[in-house]
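Please open the model in a viewer and keep the selection panel at hand.

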Amino acid sequence: MKSLTRFFIIIFVVSFALLFLVSRLNATQGLSGGNTLTIYNWGDYIDPTLIKKFEKETGIKVIYQTFDSNEAMMTKIDQGGTTFDVAVPSEYAVDKMKKDHMLIPIDKAKLPNLKYIDPHFMNLSFDPNNKYSIPYFWGTVGLVYNSSMLGGKKLTSWNDLWDKDLRNKILLVDGAREVMGMGLNSLHYSLNDTNEAHLQQAQRKLATLTPNIKAIVGDEIKMLLANEEAAVGVVWSGDAAEIMDENDKLDYVVPKEGSNLWFDNMVIPKTAKNIDGAHKFINFMLDPKNAAKNAEYVGYSTPNKKAMEYLPKEVANDKRFYPDLNKTENLEVYKNLGKKMLAHYNELFLEFKMHHK
Amino acid sequence: MKNKKAFSNIYLVIIFIILYAPIFYLMFYSFNSGETMHGFKGFTLDWYKEVFQDTRLIIIVINTIIIALLSAAISTILGVAGALAISYVRRRQTKNTLLTLNNVLIVSPDVIIGASFLILFTIVGIKLGFTSVLLSHIAFSVPIVVIMVLPKLQEMSSSLIDAARDLGASQWQVLTKVILPFITPGIFAGFFMALTYSLDDFSVTFFVTGNGFSTLSVEIYSRARQGISLSINALSTLIFLFTIILVIGYYFINQRNNRPNGTGVKK
Amino acid sequence: MRSRTRNIYLIPYVLWIVLFVVAPIVLIVYYSFFDIEGHFTLGNYRHFFTVVYMRMTLSSFWYALLITVFCLLISYPTAYFLTKTKHKQLWLLLIILPTWINLLLKAYAFIGIFGTYGTANSLLKFLGIGAKQILFTDFSFIFVSVYIFIPFMILPIFNSLEELNPSLVDASRDLGASAWTRFKRVIFPLTIDGVKSGCQAVFIPALSLFMITRLIAGNRVITLGTAIEEHFLVTQDWGMGATIAVFLIILMAIIMAVTGLRKRGI
């Protein structure tokens, strides 16, 4: 009994000592002050020095939180427990949040730097006139492949994946829309297709792909491809850029049948407290020099036209990540298909996964 | 007899090697000058420097430890009460119902626990942050404590209690001088299991946290999309080494102070 | 009996149960009756009894069983040998220690170890067996799952073994029992409670494994957990997710009843 009580006393004492320590640390960070801005972003998706720069320039203290999926982020914002001033959802999430009245319209008058965004990226279907969102990063979905592991072969289309030589050589991302979209695109259908016959057709075609698929994975796909665990991966372009940094034998291509064009965007949730600060932050990130610095750190493609002048030449001219925007008709943005259809896509994807054994 | 000793030792060594293989792998790469856990490029201490400069990360680590310690301690107390409660219930039906209810949280996927707790806290009006995370961790750790403590209670022969009572012990004395010492191993087991559950948890914490409060698991999972930097390896190595020193140190201090444990009532 | 005073313990415990177990269960059951658009329906339950979900349930059950059995086979001897060592409490703590390192990190380490060019394959090549695909197989999945659950199985068994009265074992030896008989008739039955606790602490969570199915098995193994996480997080079909959860809970209750406390003097 003695040792028990002693043990518990130690535990409680240590805990309270640590609590004290943390409150002191928080104070040095200035987190227990007034003028704050709460940002909700993907993990490791901003150059940390930019946050410090922003704090210095504006005197606003930043509280930074991270999430790892749009859905989780939306659930958290919906519940309202924390008040986020800026969030960075993907385009289909922006559409959803719009419909669910979770966003505040953005006051463009407060964003003089908005003019630097490439007009190709403004006024897109998921947010006409950019009433609620400002583009942050963008990219495509495509194939990253290791030519040397394929005997020098070059891939150019989705249908190349069904080649018998690629048996057990492909990694897919764990995303229903990406995989179903790939199936639909390979049949020359739109990846927003809701026609049941087309979906079943895509499902059947995907079932024939299973012998070629090594695994269906998440973020670890980057590590796996860089380590040459597989020869081909279906990934987002931002991931591809990182993988190719790791392993220069890899190349990235957007399949010619068409693919997905994605955007991550800055929005202001309805429950925001520091709306003025939010606008200041968005404007800050739109500054070309800041956008360029961010793009260099994160490695994804920036929608900021002026920022591209500050990027290293090889990056800005890399057509794989900055394709000619006038030639992107077969790149589609995901439409919000509605809850029921989305559930259907996921069911089909789940069946596809179960097939794969 | 000697062969048996050798065999058992070899077996244990193998188990330990397997258990620690991934840990050493992580530690090894925390010194990698390359960016990933593949292809050791050269030795560097840069990642460790990065850890100490990242105040936000340090705050997160300390928060994680606080939550783990407090939730483990409180859930152990609650869990022991629970185990006592279950063992004292007479009717088989009630006992089994309580046990089933107890285990619901263990079987439920974390997402569901997280989501339902979130709804609960929102309804009750508890602000998300330290409090909500602490309550949640206590909540899901109690069942495992009960599971660890209950077998010990069942092993205990009731004649011990009867004997104590015959000798004039009060309710409190029976508890503190007979029951608790007997089940102490179970209590410690429960405590450490609760600690484990808390340190490792991601989903539940993610759902119920807010206002800038975060734990290490949430931070690590959030970074997965961008690729986990080796500074996390460095951080884990530091935490691990610190814990080992703590554990070994505490153990040998205890050894020196206590006499060896017998199977029976403590004096 | 003096059972009235003893039930004081019930008060904090039952309070906890009502708040954090009963309330969430009620919520889950409530949600399971709503479809994705918020309409009351029994459709989710009907949907559960289709081929896809039935296969998933059987698959989860089967893998959970395998994991538990292997875990038991490895943990029991470990616990037994541990009880014979000198600093047993220390070794026990050292066994638990690795579990405090974040799961994602350990999984990444395993990906590195089991990778095509990883440590394991280097070892195999050195031994002349040649490289094999270890990742994304049933083997690696069960291996890593067992790895994760070992401490949860060892602890209760260890505690049971510690409580074992050694004179009982000695007596049986005196009476001429062989090592195997000693184990089968004396040691194992007396430690069965620890074994049961361990199995419950392993089998039940193993049914809803989800991170490992993706990281190590590459989604070649689908458990009920995979489906639930997807429904809750991606599809936002809380109704269907809740329905699967309900079945998980029912399954758990059945298992508990079957392996339950049938012993005397509980």
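How many cavities of 30 Å³ or more does the structure hold? The structure holds eight of them. A cavity here is a set of points, on a 1 Å grid over the protein atoms alone, where a 1.4 Å probe fits but cannot get out. Rolling a probe the size of a water molecule over the atoms shows where empty space is left.

Some conventions apply throughout. This is a predicted model, in which local features need pLDDT of at least 70 and side-chain atom pairs count only at pLDDT 80 or more, while totals for chains, interfaces and linings use all residues. Residues are numbered from 1 along each chain as its sequence is written, chains are lettered from A and ligands numbered from 1 in the order in which they are written, and side-chain values use heavy atoms, with hydrogens and water left out.

**Stop 1: a cavity in chain A**

Select I117(A), P135(A), Y136(A), F137(A), M266(A), M285(A), L286(A), A291(A), N294(A), T302(A), P303(A) and N304(A), which line the second largest cavity; lining residues have an atom within 4 Å of a point. This cavity contains about 80 Å³ of space, where a volume is the space filled by probe spheres set on grid points joined across faces, edges and corners. Two or more lining residues come from each of β4 (133-146), α9 (275-286) and α10 (288-298) of chain A. Helices (H or I, at least four residues) and strands (E, at least two) are DSSP runs, numbered from the N terminus. The largest share of the lining, three residues, belongs to β4(A). By class, the lining has nine nonpolar, three polar and no charged residues. In this classification Ala, Val, Leu, Ile, Met, Phe, Trp, Tyr, Cys and Pro count as nonpolar, Asp, Glu, Lys and Arg as charged, and the others, Gly among them, as polar.

**Stop 2: a salt bridge in chain A**

Next, select K222(A) and E242(A), which form a salt bridge with their closest N and O atoms 3.7 Å apart. The term denotes a side-chain nitrogen of Lys or Arg within 4 Å of a carboxyl oxygen of Asp or Glu. Since K222(A) lies in helix α7 (residues 221-226) of chain A and E242(A) in helix α8 of chain A, the pair ties together parts that are 20 residues apart in sequence. Over all chains, a search of the whole structure finds 18 salt bridges.

**Stop 3: chain A against chain B**

Display chains A and B together: 43 residues of chain A are in contact (heavy atoms within 4.5 Å) with 51 residues of chain B. The two chains bury about 4,200 Å² between them, 65% of it on carbon and sulfur atoms. Buried area is the accessible area (1.4 Å probe) that two parts lose on being put together, summed over both. Across this interface the rule finds zero salt bridges and three residue pairs in polar contact, both residues at pLDDT 80 or more. A polar contact is a pair of N or O atoms within 3.5 Å; within protein, one must be able to donate a hydrogen and the other to accept it, and residues adjacent in sequence count only if both atoms are side-chain atoms. On the side of chain A that touches chain B, α1(A) gives the most, with 15 residues. By class, that side has 21 nonpolar, twelve polar and ten charged residues.

**Stop 4: chain B against chain C**

Chain B comprises eleven helices and zero strands, and its C-alpha trace spans about 70 × 65 × 30 Å along its principal axes. Chain C has 14 helices and zero strands, with a C-alpha trace of about 70 × 70 × 30 Å along its principal axes.

Select the interface, where 93 residues of chain B are in contact with 86 residues of chain C. The area buried between chain B and chain C is about 8,400 Å², of which carbon and sulfur atoms give 76%. Of the side of chain B that touches chain C, α1(B) supplies the largest share, 14 residues. That side divides into 67 nonpolar, 18 polar and eight charged residues.

How values were computed:
1 Å grid on protein atoms, 1.4 Å probe; cavity = no way out; pocket = protein on both sides within 12 Å on 5 of 7 lines; lining within 4 Å.
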